[in-house]
Amino acid sequence: MGKPVLNAVPIWRGLAGVLAACGVALLLGCGPGVGGTGTGSQEALTAFGAAPATLCASPLGASLGCTASPGTASPGSSVALPWLVDSASAARVTAHVSGDDVAFEAHCEGLHFEGRWGAVAGQGERFYGFATLGSVGTPVLATLSLVPQAGGVSTLLQDSQGRVLSGPHLLLAQTTPPPAAACP
């Protein structure tokens with residue numbers, strides 16, 4: 001008597017199906033926090049239990065050249081000095097502020113962060129958002145603290161567990177972006 005024949009799909013077909021499903025999942029995954037059309041910053045604020053705040057109404061407003069005095073600026077106010085850089089001639093670290101949002105780059109580390117200014121009761125205000133390491137990294141919840149210092153703004157990027165991802169960096173405010181530095 002012969003061996004029974006199982007109605008099995010060849011293994012390569014099974015693997016092809018799994019890979020196709022992963023591809024579809026990746027395409028559908030372009031949403032919040034991954035550069036898609038979702039509401040990543042709002043999700044980050046909610047995840048941290050933070051409420052949106054007005055950047056120009058914070059003590060940081062003067063460092064960014066906000067025209068309104070602290071406490072009186074409206075949400076989405078523009079800043080006169082939207083670029084924070086570690087060097088005016090060749091930056092390794094930059095932050096671009098637009099209204100109450102920021103895009104932070106540690107170019108040589110391959111680290112990117114996008115977030116929205118917010119506050120948690122009993123804690124200082126900061127940016128809440130998602131950080132990504134590399135172009136295909138998985139976004140992680142993170143915060144970017146900015147503190148006015150003599151001569152600039154100190155930044156510290158941390159994940160949701162408080163681990164330092166980048167910084168501290170002393171950045172200078174200016175009106176235009178500098179060229180990126182060559183990385184070793």
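Cys-56 is buried in this predicted model, at 2% relative accessibility. A disulfide joins Cys-56 to Cys-66, with the sulfur atoms 2.0 Å apart. The link has -65° about the S-S bond and is left-handed. Both cysteines lie in the loop between β1 (51-52) and β2 (83-85), ten residues apart. Cys-66 is buried as well, with a relative accessible area of 12%.

A search of the whole structure finds two disulfides. The other one joins Cys-108 to Cys-183, with an S to S distance of 2.1 Å. Cys-108 lies in the loop between β4 (101-106) and β5, and Cys-183 in the segment after β9 (164-174), so this pair ties together parts that are 75 residues apart in sequence. The link of Cys-108 and Cys-183 is left-handed, with -85° about the S-S bond. Cys-108 is partly exposed at 32% relative accessibility, and Cys-183 is partly exposed at 40%. With the bonded cysteines numbered in sequence order, the pairing reads 1-2, 3-4.

The aromatic rings come next. Two aromatic pairs turn up in a search of the whole structure. Phe-48 and Tyr-128 form a tilted pair, 5.2 Å centre to centre with 50° between the planes. Phe-48 is partly exposed, with a relative accessible area of 22%, whereas Tyr-128 is buried at 1%.

Trp-117 and Phe-127 make up an edge-to-face pair, with 4.8 Å between centres and 70° between the planes. This pair links strand β5 (residues 111-119), which holds Trp-117, to strand β6, which holds Phe-127; the two residues are ten apart. Trp-117 is buried at 2% relative accessibility, and Phe-127 is buried at 0%.

Strand β6 also contains Arg-126. Arg-126 is buried yet has no salt bridge. A salt bridge needs a carboxyl oxygen within 4 Å of the side-chain nitrogen, and the nearest side chain of opposite charge, that of Glu-125, is 9.2 Å away. What Arg-126 does have is a backbone oxygen, that of Gly-124, 3.3 Å from a polar atom of its side chain. Leaving aside neighbours within four places in sequence, Arg-126 is in contact with Arg-116, Trp-117 and Gly-118, and also with Thr-143, Leu-144 and Ser-145. Trp-117, one of these contacts, is the residue that pairs with Phe-127.

How values were computed: Residues are numbered from 1 along each chain as its sequence is written. This is a predicted model: local features need pLDDT of at least 70, side-chain atom pairs count only at pLDDT 80 or more; totals for chains, interfaces and linings use all residues. Side-chain values use heavy atoms; hydrogens and water are left out. Rings of Phe, Tyr and Trp (its six-membered ring) pair if their centres lie within 6.5 Å; planes under 30 degrees apart count as stacked, over 60 as edge-to-face and the rest as tilted. Buried means under 20% relative accessible area, exposed over 50%, partly exposed in between (1.4 Å probe, protein chains only). Helices (H or I, at least four residues) and strands (E, at least two) are DSSP runs, numbered from the N terminus. Lys and Arg count as positive and Asp and Glu as negative; His and the chain ends are not counted. A polar contact is a pair of N or O atoms within 3.5 Å; within protein, one must be able to donate a hydrogen and the other to accept it, and residues adjacent in sequence count only if both atoms are side-chain atoms. Contact means heavy atoms within 4.5 Å. A disulfide is a pair of cysteine sulfur atoms within 2.5 Å.
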